Amino acid sequence: MTANDENDAFRDSLDNSTSYPRNLVHHNTFDHILEAHVDRLDKQEERLFSCEEKTDVELWESGVGPSVFLSFRFNNNLQLLKHFLGAQLFAKVDPQCRFMFVHADHSRAKLKVTRDMLVTAFSYHQVMARFVDFLFSFGRQDYPKDFHFSGLYHETHLSDDQPSLSLSDLGRSGTDFKMCYNLKSVESSSSQPQFPWSVRQLAVYHSFDVATGKSFWTMIKGDALIKRRIKAATEPSSHPNLDLSTALHSFLVTLTVQLIIFDWCREQWRWYISYLEELQEITTRRALTMSFDRPSLPPSNNPPLRATTAPPGRVKRAFTQIIKRAASATGTLSPPIPLQSIPQTAPLPPEFEPDLSNTKSFSFSDLQKVQSYEEKVRELLLVVGSNIKIVTAIKDYYMELVESSGFPEEVKIGSMRKTQDFKKAVLSIVNDLEMQHSRASMLLSTLTNRKGLLNGVLEYRSMEASKRFAEKAEASTREIHSMTEEMNALTQKTKQETVSMRIITLVTLFFLPGTFISTIMSTDILQFSKIPNTKDYEEEYSSAALKRYVSVTLPLMALTFLAWWVLYWWVDRKQHVQALKVQIKKMNKGGLANFV
C-alpha cells in the first residue's frame, strides 16, 4: 500500500470506529472472531460503559525531548477526537508517550467511559482486536464474571512480511510491536469488613514504534491505583531529567513501566496468605487440641452379680397350690404369660462417658467457613499461577524481541544492560510469586485436611448423640419391660384373688338363704311356743316386731352403703393425686426430647 492508500484506509477506519474491531486496517484475526467481538460489545454495552455525564477519561502524555508529562481529561467523544486530530486529520503528530487510563468507581462498577470514546481511541491507535477479550471481565456485576480468564497476545511488525500501518504524518513508522495482557493482584478492601481483601485485575495494552520511539498505553482497572503509580514514576518533580527524545530512551521507559505493573501483581500476596493462615488457625486449631475419646473401662475383679430370690414359705406354697387347683377345676386361671428376658447391660459410669462439651463450639457454619477459605486459596493458586506464566512470557518476548534481526541495532546495544536488569528483576518477581504459590499449595493441603478433621468431629458428635439416644431408648425399654413383668405378676395375682372371691361368693350364696331364714326365725317377729300338755306348737306373729326390725335394719344398710361410697371416693382421689405428682415429676426431669 502507498502512503496515500494507508492514509485513506486509516481515515475510513476512524470514520467507522463504531464497528471496532471490525474496522481495523491490519489485523491478524479471522473475520468471524471480529464479528463475534462486535456482537458481544453490542450485547454488553449497557453493563460495561457509562453515560457521558459519568465519564472520566484521562490522557497522560509527553512530547519529544525532555518535555514534561501533561494530563488531559475528557468526558465526551467529541473532545477526545478533537484532541487526537487537532485542527484536522494528519495535522497533529502523536506524542512521544501517551497513557490512557480507564477506571471505575470500584471493581464491580461500570467503566467511566462511553463506548464511542473507547472505540474512537482504539481506532485511532489501531489497538489490536484481542484486547477486547479483556474488557468483558469489567463492568457492572453482582459477582466476579469471567474473572479467571487470563492471557497474553502480541503482534510484531519488524519486517516487510509483517504488514503494519505506516502513517508518517502522525509519526508512525509501521515498524512496531504490540501486546495486550491482564494481571491480577490482591488489595485491601473496605467495602467488605468481614473479609478485608479483594482480588483485583488490570488489563494492559501497549504498542511501541521501534523507529520513532512513540509508545501508547491503555490501562483499565477498577480503581485509580495504577494510574497514581504511573504518574508518580513519570512526574516532572520526581524525574526532572526524564528523556524520551530517542527510541532507546523511550524503550527504557517502557521496561520501567512494565516493572511497575509486574511489581503490583506480586506485592500483597504474602500478607493475603498470612491472613488466610490466621483464619484457618482460628477456625480449625481447636479440632487438633481437644480430646473427647471414650476411655477404655478397667477390668473388674468382682464376679458378676446373680439374681437371688428368696424361697417362698410353706404356707404360701400350700395356699398357692390350693388356689391353682381350685382355679383349674373351674377353668378360670390361665397360665402366666411368658416374657422374653432382656439382657441387662449395666450403664457406663459418668467418668467413662465421652466429653462432648468441647465439640459444642463447632457447628456447620465452621465447615462452611473452611470451605470458603479453601475456595479462596484455590482461586489464589490459579491467579498466581497465571501471573507467573504471563510475566515470564512477557520477559521471554522482550528477550527474543531485542535479539531479533529487525530490532534496531542502536536500541539493542544501548539497552543491553537495562535489558539484563529487567530480566533479573522479572526473575526476582517470578521467584517471589512461585514462593507464594508454594505457600498457598501448603495452605490448601492443610485446609483440606482440617476440613476433613472438622467434618469428622461433627460426625463423631452426631454418632455419640445417636448412641446416647440409643442408650436412653434401651433404658426405657428395660423400664417398660420391668413394668410389664410387674403388670403380668399383678394380673396373675388378680386372677388368683378373683378365683378366691368366686369360691367365697359361691359358699356365701350357698349359706345365704339359710342364714337369712335363721336370722328371721331368731327374732320376735315369728315365734313358736309349745301348747301345754300337748306335743304341738303354736305360731305367734308380731307385726310390731317386724316394724321394729325394718326400722332399724334399713337405716343401717343405708349408712353402710354411704360409708362404702365415701371410702371408695377417698381412695380414688388419693390415687389420682399421686398420679398427677408422678407426671409432674417426670415433666420436671425432662425426657429424651431434652437430651443434647
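**Why these labels?**

Biologist: Why does Leu-562 count as partly exposed?

Modeller: In this predicted model, Leu-562 has 49% relative accessibility. Exposed means over 50% and buried means under 20%, so Leu-562 falls in between and counts as partly exposed.

Biologist: Where does Leu-562 lie?

Modeller: Leu-562 is part of helix H14, which covers residues 543–589. Leu-562 also belongs to a nonpolar surface patch, with Val-552, Leu-556, Trp-564 and Trp-565 among the other members. Together the patch residues have about 1,300 Å² of accessible area.

Biologist: Why is Arg-450 called buried?

Modeller: Its relative accessibility is 9%. The limit for buried is under 20%, so Arg-450 counts as buried. Arg-450 sits in helix H13, residues 416–521.

Biologist: Which residues is Arg-450 in contact with, leaving aside neighbours within four places in sequence?

Modeller: Those residues are Gln-280, Glu-281, Thr-284, Arg-285 and Leu-288.

Biologist: How do you know that S8 and S9 pair?

Modeller: Pairing takes at least two bridges. S8 (residues 526–530) and S9 have five, in the antiparallel sense, so they count as paired. Gln-527 stands opposite Glu-540 in S9.

Biologist: What makes strand S9 hardly covered?

Modeller: S9 runs over residues 537–541, and the count of buried residues among these five is zero.

Biologist: What lies between the strands of this hairpin?

Modeller: Six residues lie between S8 and S9, and in this hairpin Asn-533 takes a positive phi near 60°.

Terms used:
Residues are numbered from 1 along each chain as its sequence is written. This is a predicted model: local features need pLDDT of at least 70, side-chain atom pairs count only at pLDDT 80 or more; totals for chains, interfaces and linings use all residues. Side-chain values use heavy atoms; hydrogens and water are left out. Patches are made of residues with over 30% relative accessible area and no salt bridge: like charges are joined within 9 Å, nonpolar side chains (Val, Leu, Ile, Met, Phe, Trp, Tyr) within 5 Å. Accessible areas come from the Shrake-Rupley method with a 1.4 Å probe; for residues, only the protein chains shown count as cover. A salt bridge is a side-chain nitrogen of Lys or Arg within 4 Å of a carboxyl oxygen of Asp or Glu. Helices (H or I, at least four residues) and strands (E, at least two) are DSSP runs, numbered from the N terminus. Buried means under 20% relative accessible area, exposed over 50%, partly exposed in between (1.4 Å probe, protein chains only). Contact means heavy atoms within 4.5 Å.
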